[in-house]
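This report describes selected features of one protein model. Please examine the sequence and the structure before reading on.

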Amino acid sequence: MALFGDRGYEQVRVAIPQFLDTDVFNVSVENCLSFLDPMIDSWDIDLKTFGIGFVPKPTVCGGQP
């Protein structure tokens, strides 16, 4: 995560236990952004079905999404 984001190793090492100790009912936007923002290029939600689609960043998966 430190490689894909703009944070250092120490910052990520502190953030991981905080994220893992959070349950689904108390997860914050900051928790999600810390881990998902460096990996997702774009995303979309279908409000009729609540389906979520996303395109990962090329640096994460390489090749065609």
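In which strand does Asp-41 lie? Asp-41 belongs to strand β1, which covers residues 40–46; helices (H or I, at least four residues) and strands (E, at least two) are DSSP runs, numbered from the N terminus. The model is predicted, with local features needing pLDDT of at least 70 and side-chain atom pairs counting only at pLDDT 80 or more, while totals for chains, interfaces and linings use all residues. Residues are numbered from 1 along each chain as its sequence is written, and side-chain values use heavy atoms, with hydrogens and water left out.

Leaving aside neighbours within four places in sequence, Asp-41 is in contact (heavy atoms within 4.5 Å) with Val-55, Pro-56 and Lys-57. Between Asp-41 and Thr-59 there are 9.8 Å in space, C-alpha to C-alpha, and the two are 18 residues apart in sequence.

Strand β1 also holds Ile-45. Ile-45 forms a nonpolar patch on the surface together with Trp-43, Leu-47, Phe-50, Ile-52 and Phe-54. The elements that give two or more residues to this patch are β1 and β2 (51–56). Patch residues have over 30% relative accessible area and no salt bridge, and nonpolar side chains (Val, Leu, Ile, Met, Phe, Trp, Tyr) are joined within 5 Å. A salt bridge is a side-chain nitrogen of Lys or Arg within 4 Å of a carboxyl oxygen of Asp or Glu. Accessible areas come from the Shrake-Rupley method with a 1.4 Å probe.

| Patch property | Value |
|---|---|
| Accessible area of the nonpolar patch, together | about 760 Å² |
| Elements giving two or more residues to the nonpolar patch | β1 and β2 (51–56) |

Terms used: Patch = residues over 30% accessible without salt bridge, like charges linked within 9 Å, V, L, I, M, F, W, Y side chains within 5 Å.
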